[in-house]
Amino acid sequence: MEILVEADNIHLIYKESRNDGPWEDKDVEIKLQKTPCRYGGFQYWFECPVCRHRVCSVYLSDTWCCRHCGHLAYPSENEDELERLRSKALKLKEKLGSEYWIKPKGMHQKTYDRLRETLLEAEVKADEAFDEKVKRLNQRIMSFGKNNP
């Protein structure tokens, strides 16, 4: 990809192939907006080619656009309750270190106690959510067997 930056826009020049089809030359122009900073200078932003809003990032889905126009979601937005609880527990384990039953050096005891308690609560809730999910799945399996002899 070649990127040409001009005063008020950028050009993205690249080749694209869809579904193993022929390669097409693409030259996309994305406008730039600038806002003044409090202590001088400017902050540059992309202008979404679809909705014309000022955005920090543009993405290539079907076309170059912001994540709202491209209907892109953060991974956490697609997680169910069980996955969210597991992610929370994993983040807390990373914060506490691999041996989370031992207070990390330099961490206050109150902070360690609070994080460890939150971790244990998240793990209990994750276990409960897992049990509920297995229960619902088991009920679906049992009802499937009754409907299809």
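A residue is called buried when its relative accessible area is under 20%, exposed when it is over 50%, and partly exposed in between, using a 1.4 Å probe and protein chains only. By that rule Met-1 is exposed, because its relative accessible area is 62%.

This is a predicted model, in which local features need pLDDT of at least 70, side-chain atom pairs count only at pLDDT 80 or more, and totals for chains, interfaces and linings use all residues. Residues are numbered from 1 along each chain, and side-chain values use heavy atoms, with hydrogens and water left out.

Now for the sheet. Strands here are DSSP runs of E with at least two residues, and helices are runs of H or I with at least four, numbered from the N terminus. Two strands pair if DSSP finds at least two bridges between them. Five strands make an open sheet in the order S1-S2-S3-S4-S5, with antiparallel pairing. S1 and S5 sit at the edges with a single partner strand each, so one side of each has no neighbour in the sheet.

Here are two of the pairings:

| Strand | Partner | Bridges |
|---|---|---|
| S1 (residues 2-5) | S2 (residues 9-16) | four |
| S4 (residues 42-47) | S5 | two |

S1 and S2 form a hairpin, with three residues between them. Ile-3 has Leu-12 in S2 as its bridge partner, while Phe-46 stands opposite Val-55 in S5.

What about Arg-67? You'll find Arg-67 in the loop between strand S7 (64-65) and helix H1 (81-96). The Arg-67 side chain makes a polar contact (a pair of N or O atoms within 3.5 Å; within protein, one must be able to donate a hydrogen and the other to accept it, and residues adjacent in sequence count only if both atoms are side-chain atoms) with the side chain of Tyr-74, at 3.3 Å.
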